[in-house]
Amino acid sequence: MSRNEYPRPQFQRENWLNLNGEWHFAFDDKNVGLKEKWYQEEEAYPHRIKVPFVYQSELSGINQRESHDIVWYYRTFTVQAMDSQRVVLHFGAVDYEADVFVNGCHVTNHQGGHTSFEVDITDYLVDGQQAISVRVFDPHADESIPRGKQFWETESAGIWYTNSTGIWQPVWLEVVSETYLKEINLTPNFDEGTVTVETILNQFQPQCELDYRISFKEQLIAAGRLSADSAKMKFNVDLFQEHIFRSNFHHDGWSWTPENPRLFDIKLSLINDGETIDYLKSYFGMRKIHTENGMVYLNNKPYYQKLILDQGYWPSGLLTAPSDEDFKKDILLAKEMAFNGCRKHQKTEDPRFLYWADQLGFLVWVECAAPAIYNEDSVERLMREWTEIIARDFSHPSIVTWVPINESWGVPKISFDRTQQHFSQAMYHFLHALDKTRLVISNDGWAMTETDICAIHNYAHGQKEETEKYDYFKETLRTRENLIKRLSTPWPIFANGFSYQEQPILLTEFGGIGFDVSGQPGWGYTSVDNEVEFLKDYQRVLSAVYASVGLWGYCYTQLTDVEQEINGLLTYDRQPKVDLAAIKAINDQFHVSQVE
């Protein structure tokens, strides 16, 4: 199985070379690869691996679960480039630290297991065949590295899953001109009916011009050409000037929502001396998210979010989806059950998932994998990864919320420790400083500091026969006051020195009903034995949520089973456990008018 789709769909060029597929591979448990110059020798690699699947996965062809802190990759390729062109090598994600060599020369180092990076390798190319080698360092004993749900032992257990080391998102090459478009950010200004276009060139070249053409449903609605006076260009485009939209400015016919995910296409051409030297295609959605009066608003209308917790693991690929269709399938299955979005849990997902969320209409809350401890290294690593996350994913209309911290992971003393509280506040303001268009949650679950949403976790619904426990669960959800003051965990909703400031309250983890249909031992927060009992229990739990006059949305745990967790609505291989129409009927029972 291969991943042949273009990896970066919001920044798409025609001239590219897919480097997924078979690579040479080696473990370096004695850390001798650098000394022995494995980056020069194909013979140093005894194994073969299928990129972009980690060696721990079945689809890699190795399927070995033992931890190895250092691994190496090697492959050859040929590329056609003229003297006036540059060759850029891209990595979707490598967990955790990557040193890249081209034809025996070190070309770049990157730290961060969930973010993309690139390097211009033109000056390292030789005549004929080229060689790439990648040394990956993933020290499993270092608890300051953001790992999310990856377990530090060989066999997964509890809430922890099989760990991942190495290349786990696509690798590809692009042949570009000497001057080319390096970055693009698209910011919808919903109330003004404009879009802000920001582009960055790899270098400034006088006499360059940027031509843009924006269309909606294949109809051209805006076009223009600007002269570049620096490597960075920023301009606003009025989408509806002298156009049919202008007389119907706030009509739902052009906005992006989960129900109607309308998108605008944009084509950018970089022109020098009358010749097009770079050309790319992208898209954006006119979407606005904000909070007001204790509610979340989408495009200036109250919007109740019905989210599903999505771990983003697959049986054969682990963190890597076996195919592009698997991303699409997960979203379609969730929408079939009447969920309008997901919280990607402890994982920054592949851009292809975000592409399908944009295209199909699916809200996404983005998390970053958390470290296990708090120290100076973990702080620096998280800040760097979040900078790269926002730089890569900024323009996706489906993303409405950033979630930098979950359940105090990586900040275990945040309830009372002012230093860790400062970090949470710093992340909150840092993300807002980089992105004014989305919401930020300070610490999803409890012990929040400054936050745009009060995000509460509560799994205390009990088994169906535990009526007293269920009654208390229902009462804790009933009003805003109860949600804030009646705790379901030992930790307060807000950290010491912080208090509820009338933010919208969402129940962002709950449920987790265990139902085993595969015969594999596992666990859930509660359990049932058959489909009838499952639907009854799901109805019971959701009834408590829908009876609340204080909640403004929820995120149910979870979309699929994952390894030993059997609390998904789907099995690990994405088979429905119950009739999805029955889940949809329960989810559809809520109406916005029920909330005070």
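Two residues are in contact here when heavy atoms of theirs lie within 4.5 Å. With that in hand, take Ser 378: setting aside neighbours within four places in sequence, this serine is in contact with Ser 144, Pro 371 and Ile 373. Keep in mind that you're looking at a predicted model. Below is a quick tour, from the whole chain down to a few single residues.

**The whole chain**

- The chain holds eight helices and 32 strands.
- How does its radius of gyration fit with a compact globule? A globule of 596 residues would come out near 25 Å, and the chain has 25 Å, so the two agree.
- Along the principal axes, the C-alpha trace spans about 75 × 65 × 50 Å.
- Out of 596 residues, 62% count as buried.
- If you look at contacts with a separation of 6 or more, 71% of them join residues 24 or more positions apart.

**Surface and charge**

- On the charge side, you'll find 54 positive and 86 negative side chains. The centres of these two sets sit 4 Å apart.

**Ser 378, back again**

- Ser 378 belongs to helix H3, which covers residues 376-393.
- Its relative accessibility is 2%, and the cut-off for buried is under 20%, so Ser 378 counts as buried.
- The side chain of Ser 378 also reaches the backbone oxygen of Ile 373, at 3.4 Å.

**Helix H2 and its two ends**

- Helix H2 takes in residues 351-360 and is mostly covered, with nine of its 10 residues buried.
- Among those buried residues are Phe 353, Tyr 355 and Trp 356, along with Arg 352 and Asp 358.
- What caps the N-terminal end of H2? That's Asp 350, which has a side-chain oxygen 2.8 Å from the backbone nitrogen of Arg 352.
- Just after H2 comes Gly 361, with a positive phi of about 90°.

**Tyr 161, a loop residue**

- Tyr 161 is in the loop that runs between strand E10 (130-137) and strand E11 (166-167).
- Is Tyr 161 buried or exposed? Its relative accessibility is 0%, so Tyr 161 counts as buried.
- Leaving out neighbours within four places in sequence, its contacts include Lys 149, Phe 151, Tyr 313, Gln 558 and Val 562.
- Gln 311 is another contact of Tyr 161, and here the two side chains make a polar contact at 3.2 Å.
- Tyr 161 and Ile 566 are 405 residues apart in sequence, while their C-alpha atoms are 13 Å apart in space.

**Pro 521, another loop residue**

- Pro 521 sits in the loop between strand E30 (513-514) and strand E31 (526-527).
- With 69% relative accessibility, and exposed meaning over 50%, Pro 521 counts as exposed.
- Pro 521 and Gln 564 are 43 residues apart along the chain, and 6.6 Å separates their C-alpha atoms.

**Leu 333 in helix H1**

- Leu 333 is part of helix H1, residues 324-336.
- Its relative accessibility is 10%, so Leu 333 counts as buried.
- Apart from neighbours within four places in sequence, Leu 333 is in contact with Leu 570, Arg 574 and Leu 580.
- How far is Leu 333 from Gln 80? They are 253 residues apart in sequence and 42 Å apart in space, C-alpha to C-alpha.

Notes. Residues are numbered from 1 along each chain as its sequence is written. This is a predicted model: local features need pLDDT of at least 70, side-chain atom pairs count only at pLDDT 80 or more; totals for chains, interfaces and linings use all residues. Side-chain values use heavy atoms; hydrogens and water are left out. Helices (H or I, at least four residues) and strands (E, at least two) are DSSP runs, numbered from the N terminus. The radius of gyration is taken over C-alpha atoms; the globule rule is 2.2 Å times the number of residues to the power 0.38. Buried means under 20% relative accessible area, exposed over 50%, partly exposed in between (1.4 Å probe, protein chains only). Lys and Arg count as positive and Asp and Glu as negative; His and the chain ends are not counted. The place of a charge is taken as NZ of Lys, CZ of Arg, CG of Asp or CD of Glu. A polar contact is a pair of N or O atoms within 3.5 Å; within protein, one must be able to donate a hydrogen and the other to accept it, and residues adjacent in sequence count only if both atoms are side-chain atoms.
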